[in-house]
2 protein chains.
Amino acid sequence: MASHSLTLTSSPSSFNLCSSHRPHLSTNFFTLHFPCPGKRSGLGLRCSFSIEKEVLHPKNPVAPTLHFNIRYFETDAPKDVPGAPRQWWFGNGTDLTPAYIFEEDVKHFDSIQKQACDKFDPSFYPRFKKCCDDYFYIKHGDERRGLGGIFFDDLNYYDQEMLLSFATECASSVIPAYILIVEKRKDTPFTEQHKAWQQLRRGRYVEFNLVYDHCPQILKTGGRIENILVSLPLSARWEYDHEWKLLDACINPKEWI
Amino acid sequence: MASHSLTLTSSPSSFNLCSSHRPHLSTNFFTLHFPCPGKRSGLGLRCSFSIEKEVLHPKNPVAPTLHFNIRYFETDAPKDVPGAPRQWWFGNGTDLTPAYIFEEDVKHFDSIQKQACDKFDPSFYPRFKKCCDDYFYIKHGDERRGLGGIFFDDLNYYDQEMLLSFATECASSVIPAYILIVEKRKDTPFTEQHKAWQQLRRGRYVEFNLVYDHCPQILKTGGRIENILVSLPLSARWEYDHEWKLLDACINPKEWI
């Protein structure tokens, strides 16, 4: 797998992809590094950032999708405010999106993240879990993109070195936890119906990424398209009334004959 | 095919689907009618509207996708402006989205639309063609969703009866023109590569509908999800660097060995 070191980087508006890797056409896997020199932000501030981002969409419908990223941003102090401090902050988004639930897998995945959080602050896990549930919300479906994980942004009110250790801990623990799940599920036999259901759920994944998330803003304001769209699954599917018809019939009893 | 009569309808915010039909899982085809009583708009005005919308995504990769809709909106005069006229306007969006170009098909499709326009005003076709090219623009890819057609909105500065005839003419001519193309292409043999290319182009279709168009606003503000998402293709595909790699190499010569 990719390394998880944080690399100081730059240019939030250009999103230059300096490294990418896709081992299999049916698996979207990529890592972003931004080792370019710092550029000026829209506020006239010199801005650097580092993002480690990975998205895996397995072929097997019973193996879950993983999205994981760690972000570090840093700006110079404004020139017109002498003595003002540099601004910096950490961000993280990690969520597991299965098409089928195996409770033991989700418990395993969440407990690994809780352990990583608890090493630094017992308030982290419950707070960041709730942030995750809130963030990956598909309003038009009144559901989450998946089963969640942890999410935080603008985290700068702790010691910087402590947060770097925390970010490193998150990065180091999440991939092995995920790999364990994939190893267990990747050879499970599946039918066309399992695959079709996975594809429908990936339609929701596409909806979240294109309608919510940061994608719409970035796509509209510029940037290298492939860097943004690479988080989408290889393929997705939409079927009219697939779930609605059943739910509607259960909620509103009908005369069937 | 569905009838093309305009039906006075209501409630832009609820988008109740009163009629839908999908003859085949691989073909998204639907017609919206809104025969509900008028409701009050956000401005406190009583608002009625009618939409006839059809989207067809054929299975065969050499048969193009069609999107077509005609819209009529009407509001009561504001109560606090005595003597103010009712507001009303027509809208139309028609565009052809092939995965492979057959010039004769596009010429046929466009000439049918030009004929419909020219019956009413010689300025219509060039104006509405340009509006279409401008509207179905995918900014992040710097390309159009397809090959265009005609598009107009807020059209109310002509005689109302004339515009109703024009809308009816558009509706009556576009479907037979499209059917002629599909009849000609639907049995063309195709390979997996043709299908994969169609699926990639449908990825762009999904991007336009979810990032641009009216979908993002409607999805975020409420409404029945299926009515909005039904215009998406049955399935779509994304591959990292599929086109970019070739274009980039052509624009920026590389050392290959």
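Mentor: Let us take His67(A). Leaving aside neighbours within four places in sequence, His67(A) is in contact (heavy atoms within 4.5 Å) with Lys53(A), Glu54(A), Val55(A), Gly93(A), Thr94(A), Asp95(A), Phe136(A), Arg145(A) and Tyr205(A). This is a predicted model, in which local features need pLDDT of at least 70 and side-chain atom pairs count only at pLDDT 80 or more, while totals for chains, interfaces and linings use all residues. Residues are numbered from 1 along each chain as its sequence is written, chains are lettered from A and ligands numbered from 1 in the order in which they are written, and side-chain values use heavy atoms, with hydrogens and water left out.

Arg145(A), one of the contacts listed, also makes a side-chain polar contact with the side chain of His67(A), at 3.4 Å.

His67(A) sits in strand β3, residues 65-75 of chain A; strands (E, at least two residues) and helices (H or I, at least four) are DSSP runs, numbered from the N terminus. His67(A) counts as buried because its relative accessibility is 6%, and buried means under 20% relative accessible area, exposed over 50%, partly exposed in between (1.4 Å probe, protein chains only). In chain A, 52% of the 257 residues count as buried. The chain has 7 helices and 8 strands.

How values were computed: A polar contact is a pair of N or O atoms within 3.5 Å; within protein, one must be able to donate a hydrogen and the other to accept it, and residues adjacent in sequence count only if both atoms are side-chain atoms.
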